[in-house]
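Work through the exercises below with the sequence and the model open. Each task is followed by a solution in steps.

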Amino acid sequence: MLATSCNYFEKKKVYSEDLLEEELQTFNWNEVDTYPTFSSCDSIIDKEDSKICFQNTIISSVNEFLSAQNIVVSEDVNDTIRLKIIIDNKGGLEVESIDLNPETAAQIPEIDSLLRLSLKSIPKIYPAIKRRQQVTTAFELPVIVQIK
């Protein structure tokens, strides 16, 4: 007489929540399929070039705005300001933080408000996409300020 047991024929029920949770664990949330973009950058196919176009559009808009301001300083200012921004899944832009040298803040007390104001004039942003869904992304942009 022979008696054996086998779990081979046992059926397992797979729950969609478990599959979703497992897939979410394998996501690299720091990578997106396409970066946020402007209509002027739409024709660029390469992902990295698209990111550079997006960043350069923001930086040139900020620089253009700051150049139009009549900023007077008593000492030369040469600083790279780190502008941390968030682009939400609707294309809205929010300033998370502005990192600058204390000397720059002392020479240009209104620099914070000027930078925030400069971002109001940028063109419409199309949000980043991850798995065909619009997602929120964060960027750190260098803004070089040189006033003599």
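Two strands count as paired if DSSP finds at least two bridges between them. The model used throughout is a predicted one.

**Exercise 1. The sheet**

Task: Find the order of the strands in the open sheet and state the sense of their pairing.

Solution: 
- Step 1. The open sheet has 3 strands in the order β2-β1-β5, and the pairing is antiparallel.
- Step 2. β2 and β5 are the edge strands, since each pairs on one side only.
- Step 3. On average, neighbouring strands of this sheet are turned by 25° against each other, direction ignored.
- Step 4. Between β1 and β2 there are 6 bridges in the antiparallel sense.

**Exercise 2. The buried side of α4**

Task: List the buried residues of helix α4 (residues 111-118) and explain why they lie on the same side.

Solution: 
- Step 1. Take a relative accessible area under 20% as the cut-off for buried. In α4 the buried residues are Ile111, Leu114, Leu115 and Ser118.
- Step 2. These residues cover an arc of only 100° around the axis, so they sit on the same side of α4.
- Step 3. The packing partners of the buried α4 residues are α2 (47-68), β1 (77-87), β2 (93-99) and β5 (137-147).

**Exercise 3. The nonpolar core**

Task: Say how many residues the largest nonpolar core has, and which of them have the most contacts inside it.

Solution: 
- Step 1. The core has 32 residues. Those with the most contacts inside it are Ile58, Leu66, Ile85, Ile108, Leu115, Val143 and Val145.
- Step 2. At least two residues of this core come from each of α2, β1, β2, α4 and β5. α2 gives the largest share, 6 residues.
- Step 3. Take Leu66 as a case. With neighbours within four places in sequence left aside, Leu66 is in contact with Ile71, Ile111, Leu114, Leu115, Val143 and Val145.

**Exercise 4. Salt bridges**

Task: Count the salt bridges, then locate the partners of Glu31, Arg82 and Asp112.

Solution: 
- Step 1. With a cut-off of 4 Å between a side-chain nitrogen of Lys or Arg and a carboxyl oxygen of Asp or Glu, the count is 5 salt bridges.
- Step 2. Glu31 pairs with Lys47, with the closest N and O atoms 3.2 Å apart. Glu31 is in the loop between α1 (16-26) and α2, while Lys47 is in helix α2, 16 residues apart. Relative accessibility is 35% for Glu31 and 32% for Lys47, and each counts as partly exposed.
- Step 3. Arg82 pairs with Glu140 at 3.7 Å between the closest N and O atoms. This pair links strand β1 to strand β5 across 58 residues. Arg82, Lys84, Asp99 and Glu140 are linked in a network of salt bridges.
- Step 4. Asp112 pairs with Arg116 at 2.8 Å, N to O. Both residues lie in helix α4, 4 residues apart, about one turn of the helix. Asp112 is partly exposed at 31%, and Arg116 is partly exposed at 35%.

Key: Residues are numbered from 1 along each chain as its sequence is written. This is a predicted model: local features need pLDDT of at least 70, side-chain atom pairs count only at pLDDT 80 or more; totals for chains, interfaces and linings use all residues. Side-chain values use heavy atoms; hydrogens and water are left out. Buried means under 20% relative accessible area, exposed over 50%, partly exposed in between (1.4 Å probe, protein chains only). The arc is that of the directions from the helix axis to the C-beta atoms. Contact means heavy atoms within 4.5 Å. A nonpolar core is a set of buried Ala, Val, Leu, Ile, Met, Phe, Trp, Tyr and Cys residues joined through side-chain atoms within 4.5 Å. Axes are lines fitted to C-alpha atoms, for helices over the stretch in contact, and angles run from 0 to 180 degrees between N-to-C directions.
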